[in-house]
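I opened my notebook to look up a few things in this structure.

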Amino acid sequence: MKSLSLEHIIQEPTKTTEGKAPLLLLLHGYGSDENDLFSFASELPEHYFIISARAPIAMQPYGNAWYAITIDQEGIKTSDTEAAIVSRDLIATFITEAVAAYNLDPFNVTLLGFSQGTILSYAVALTYPEKVKNVIGLSGYINGDIIDVKSAASYAHLNIYNSHGTVDQVIPIDAARQTPGYLSKLGIESSLSEFPVGHGVHPTNFYEFKEWLLKL
């Protein structure tokens, strides 16, 4: 592995394609690390160069975060918006570094996020659309406060897959249900796949987004 701005682990493609390999960047959720989503990397399409990145903020006693989340005495959650924007920009920089370091296709970059990683995936793709072609957003939502919206023409190439658990107690399904409408206003057509799970990925969900990837 190369020394880049984010700690990461890689899986090289086992199936060659014409030209440079596409990048599939995995972005984990709050309190996890790069090993989490990487656990199913071997089941993803074989032609991708897969990178799983570690969020920059170390938590105690273990795990990492892209930005801090606090909960007050009334149970209201607050996200550190400034730190989220810093992580958004860090991921965008990391994409450029990774593409150059591993000689990947700069026009075929897919972000796959879970929870906080999904929130950042949307933010990176919508703020830096020239760096991203596809997004797979699992169990997350769009936070407009960390997005620098561009013109609809900038998003013409962007493909987005969204899914969520109907009994998610960490991020309620209602938050995710707002995603297609937000994207539609930007000229991006998408739908939300719902599965009968909590804050996790249903097996059927995995196979659905894998098939979605294969059809791109």
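At what angle do helix α2 and helix α3 pack, and how far apart are their axes? Before answering, I noted the ground rules. This is a predicted model, where local features need pLDDT of at least 70, side-chain atom pairs count only at pLDDT 80 or more, and totals for chains, interfaces and linings use all residues. Residues are numbered from 1 along each chain as its sequence is written, and side-chain values use heavy atoms, with hydrogens and water left out.

**Entry: the helix pair**

I found α2 (residues 81-101) packed against α3 (residues 116-127) at an angle of about 65°, with the axes 9 Å apart. Helices here are DSSP runs (H or I, at least four residues) and strands likewise (E, at least two), numbered from the N terminus. Axes are lines fitted to C-alpha atoms, for helices over the stretch in contact, and angles run from 0 to 180 degrees between N-to-C directions. I therefore wrote down α2 and α3 as roughly perpendicular (65 to 115 degrees).

Next I listed who makes the contact (heavy atoms within 4.5 Å). From α2 I noted A84, S87, R88, I91, A92 and I95, and from α3 L120, A123, V124 and T127. Sorted by class, that is seven nonpolar, two polar and one charged residues (nonpolar: Ala, Val, Leu, Ile, Met, Phe, Trp, Tyr, Cys and Pro; charged: Asp, Glu, Lys and Arg; polar: the others, Gly among them).

**Entry: R88**

Leaving aside neighbours within four places in sequence, the contacts of R88 include L120, Y128, I146 and D148.

**Entry: the cores**

I then turned to the largest nonpolar core, which has 41 residues (a core is a set of buried Ala, Val, Leu, Ile, Met, Phe, Trp, Tyr and Cys residues joined through side-chain atoms within 4.5 Å). L25, W66, I91, I95 and L126 touch the most other members. α2 gives the most to this core, with eight residues. A second, separate core of 19 residues includes V197, F206, F209 and W212.

**Entry: P13**

Last, I checked P13, in the loop between β1 (8-11) and β2 (23-27). P13 counts as partly exposed, at 29% relative accessibility. Beyond neighbours within four places in sequence, I saw P13 in contact with A21, E46, H47, Y48 and F49.

Methods
Angles under 35 degrees count as roughly parallel, over 145 as roughly antiparallel, 65 to 115 as roughly perpendicular and the rest as oblique. Buried means under 20% relative accessible area, exposed over 50%, partly exposed in between (1.4 Å probe, protein chains only).
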